[in-house]
Structures are given as C-alpha cells and as structure tokens.
Amino acid sequence: MFLNFIIFISMELVRIEKTKELFKKIPKEVKEIWEKLIENGYEAYLVGGCVRDLLLNRKPKDWDITTNAHPDEIQKIFPDSFYENKFFTVGVKTNSNDPTLSVIEITTFRLEGKYSDFRHPDEVKFAEKLEDDLKRRDFTINAIALDINGNIIDIFGGASDLKNKLIKAVGDPNERFKEDALRMIRAIRLACELDFKIEINTLKAIKENASFIQFIAKERIRDEFVKIIMSKNAVLGVELLRETGLLIEIIPELVQCYNVSQNKHHKYDVYTHSLKSLDYAVKKNFSLEIRLAALFHDIGKPLTKQGEGPDCTFYNHEIVGAKITKNILQRLRFPKNIVEKVVHLVRHHMFYLEVDKVTMSAVRRLARRLGLEHLEDFFKLREADRIGSGVQKAVPY
C-alpha cells in the first residue's frame with residue numbers, strides 16, 4: 001500500500017514537472033486571456049493545432065481558446081475585441097508586436113449542422129459541452145484540449161496518434177470530408193509537414209471522396225497546395241495527391257505527364273522527372289517560384305511529344321508548357337507576380353550558351369532575354385532540371 005502511494009506521488013511529480021515545461025512555452029498574452037475567462041466564471045481550454053504543436057515540441061503558429069462563454073459575454077470581458085463572423089469566434093486584440101499573437105481567437109463551444117455544399121455548415125449552434133465541440137473537428141491530433149491545470153482532454157485518442165505519427169479523422173472520415181472537402185488536402189499537408197502517415201481508413205475515404213474537392217474555393221486549395229510544396233516532404237505530398245485522385249481534380253495537366261516516356265537524355269518519365277526536379281529544389285531550400293517551375297517546367301511535353309524511344313523529341317515544349325503553367329496558376333488564383341515569374345521561368349528554362357563559344361554579346365543577349373534579376377533563379381532551375389534527369393554527368397557546367 002505504502003509502495004503504491006510512493007509510486008503515485010512520483011508519477012504526480014513527473015506530471016507536474018511536464019505541465020510546468022508545457023506552460024513555459026505558452027505566451028503571456030495567451031495566458032492572460034485564458035486566466036481572465038476562468039476568473040469570470042467560464043470554462044476555457046487551449047485547443048486544436050496549438051495543443052498539438054506543444055505536445056510535439058513545435059512552436060505553434062497561432063493560438064486558439066475554446067470556452068462556454070458566448071460571444072457577447074466574451075466581448076464584455078474584453079472590450080478591445082471584434083466579432084465579425086457566424087462561427088462564434090471573437091478576436092481579442094493584444095499589444096504584442098508578434099503578428100501571431102496580435103489577435104487571439106476565442107470560440108464558443110459549438111455544434112455544426114449538415115454541410116450541403118461540402119464547405120460550410122448549414123447551421124451553427126451553441127454547444128454546452130467541450131466534448132460536443134471536439135467531435136466536430138477534423139483530425140484526432142487537432143481534437144486535443146488543454147485545461148489551465150495542465151490536464152489533457154483527449155476523447156478521440158489524438159495523443160496516441162501523435163505518438164504513432166498518424167493522421168486520423170475524428171469519427172467517420174467520410175462524414176468529416178463531406179462536411180469540408182478541403183480536409184482531404186489538409187490531411188496530406190499535415191502528413192507532409194509533420195512527417196506522419198495517413199491512417200488507412202482515412203486514406204481510403206480521401207480516395208472515395210476526392211471528387212468533392214471541386215466544391216472548394218480555389219484560393220483555399222491553393223493555400224494548402226503551397227504549404228505542401230514548401231514542406232520538406234513536397235514530393236510525397238504531390239504523389240499522395242495523385243494516388244488519392246485529388247491531383248487529377250486540381251491539376252489534371254500534371255497527371256497527364258504520368259508514364260510519358262522520354263528520350264536518351266532522361267532516365268525517368270516526365271512526371272517522375274518533374275518530381276525529382278522538385279525534390280532537388282526542396283533539398284536546396286529554393287523559393288516557392290523555383291519549386292513550382294521545377295514541378296511544371298516540362299508540363300508541355302505530353303502535347304509536344306513526337307516519336308518514341310531514345311530519339312523522341314519535344315520541340316517547343318517550353319512554349320506550350322508556359323501557357324499550361326499560366327492556366328494552372330491563374331486557375332488556382334495565385335498572385336499575379338508569382339504567375340508571371342513562374343511562367344517566365346518555364347518559358348525560358350531551355351536557355352542555352354555554348355561554353356566554348358561564349359562572347360560578351362551572346363551573354364548580353366541572354367541576360368536581356370532572361371532578365372538580370374532572374375538569372376540566379378534560372379541557374380537554380382537548370383540545376384534542378386539536370387539533376388532530376390537522373391542521367392550521368394547531369395550536374396550543369
């Protein structure tokens with residue numbers, strides 16, 4: 001009995017120590033708002049991505065508090081706040097110079113009705129319990145809450161999934177994806193960012209529901225796609241998009257490159273070469289524009305291919321590819337400056353100077369055509385293209 005008591009005390013001391021370490025990572029702006037809600041007699045919890053990141057020892061990108069206080073009650077406690085949505089989320093302004101802490105969002109426990117458009121709930125209602133709020137969330141690792149005493153509220157096994165590095169939908173994955181089809185791409189993005197795997201039933205549900213992504217605003221798809229491309233596992237992300245059927249819904253032109261064989265200058269088909277080029281750009285930590293250009297630079301090849309075997313040709317594929325790239329980026333609502341730069345890189349990625357015939361006039365002509373401000377990016381894209389070919393002596397001079 002006494003031994004059990006000692007073990008209990010030891011475990012409690014370990015828990016308290018872990019709690020202290022956890023709370024050291026929470027900014028004072030968040031703590032002050034959190035404590036003030038509780039001082040006024042309300043329940044309040046940290047919830048979602050910030051709790052997930054704390055448990056993973058990552059720095060949270062934003063902070064979310066959920067509470068049983070209604071928006072009007074929250075605004076009485078925090079006069080310097082705003083409430084401009086239908087989802088019971090109040091933004092509380094702080095004096096922080098950190099943009100991630102300048103506004104802390106507080107959301108009332110809520111229940112959501114049917115999603116007729118696969119994007120927005122037809123109805124949002126106040127919920128009485130934290131459990132009701134957690135069960136409407138997308139993935140188990142995002143459905144973990146933390147109370148002010150350091151206790152983890154984990155109804156759906158999110159902590160276990162964090163330990164096992166799994167992205168798993170809360171409840172029935174088919175229901176979660178029909179509520180908001182963007183969650184399918186978000187699952188892949190989280191897998192890329194966290195280096196996790198997607199749980200088998202969740203992955204199966206993505207494949208079954210991929211066509212519903214067409215109901216999602218292109219801007220939302222673009223934002224998730226950019227996060228995938230900028231992650232360390234970008235190639236895995238693109239391949240998961242293809243395998244689940246999402247890529248053919250959002251960038252069918254890239255899927256058309258799959259299994260399109262190339263000539264003797266390339267070891268891989270067009271699609272695999274594009275991924276290998278992207279992989280090099282990721283490893284070198286190149287910019288978003290170069291990564292997009294690496295992925296799309298040969299996207300015109302399926303339409304320009306002539307012949308088969310080691311001597312097949314792809315004349316003017318860079319011109320056709322530039323037009324296709326422009327259509328893709330504009331369709332996904334990329335900013336004009338990004339569209340113009342990526343299209344320019346794709347259009348002129350075949351630039352050429354014979355190393356033994358270089359003259360100053362030839363260099364000047366090349367610089368005018370490519371743009372002096374873009375030369376470094378063209379060299380980086382050429383590296384990615386050459387290394388991605390997979391053939392010997394691929395490193396460019």
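## Helix packing and aromatic contacts

Helices H11 and H14 are roughly antiparallel to each other (angles over 145 degrees count as such). The model is predicted, so local features need pLDDT of at least 70 and side-chain atom pairs count only at pLDDT 80 or more, while totals for chains, interfaces and linings use all residues. Residues are numbered from 1 along each chain as its sequence is written, and side-chain values use heavy atoms, without hydrogens and water.

H11 covers residues 234–244 and H14 residues 270–283; they pack at about 150°, with axes 8 Å apart. Ala234, Val235, Val238, Glu239 and Arg242 of H11 meet Tyr271, Leu275, Leu278, Asp279 and Val282 of H14 (contact means heavy atoms within 4.5 Å). Of these residues, seven are nonpolar, three charged and none polar.

Aromatic pairs, with ring centres within 6.5 Å, number seven. Tyr280 and Phe286 form an edge-to-face pair, 6.1 Å centre to centre with 70° between the planes (edge-to-face means planes over 60 degrees apart). Tyr280 counts as buried at 15% relative accessibility, and Phe286 is buried at 8% (buried means under 20% relative accessible area, 1.4 Å probe, protein chains only). Ring pairs also link Phe351, Phe378 and Phe379 into a cluster.

Two charged side chains lie over ring faces, as listed below (NZ of Lys or CZ of Arg within 6 Å of the ring centre and within 35 degrees of the ring normal).

| Charged residue | Ring | Distance from ring centre |
|---|---|---|
| Lys301 | Phe314 | 4.8 Å |
| Arg382 | Phe351 | 4.1 Å |

Methods. Rings of Phe, Tyr and Trp (its six-membered ring) pair if their centres lie within 6.5 Å; planes under 30 degrees apart count as stacked, over 60 as edge-to-face and the rest as tilted. Buried means under 20% relative accessible area, exposed over 50%, partly exposed in between (1.4 Å probe, protein chains only). Axes are lines fitted to C-alpha atoms, for helices over the stretch in contact, and angles run from 0 to 180 degrees between N-to-C directions. Helices (H or I, at least four residues) and strands (E, at least two) are DSSP runs, numbered from the N terminus. Angles under 35 degrees count as roughly parallel, over 145 as roughly antiparallel, 65 to 115 as roughly perpendicular and the rest as oblique. Ala, Val, Leu, Ile, Met, Phe, Trp, Tyr, Cys and Pro count as nonpolar, Asp, Glu, Lys and Arg as charged, and the others, Gly among them, as polar.
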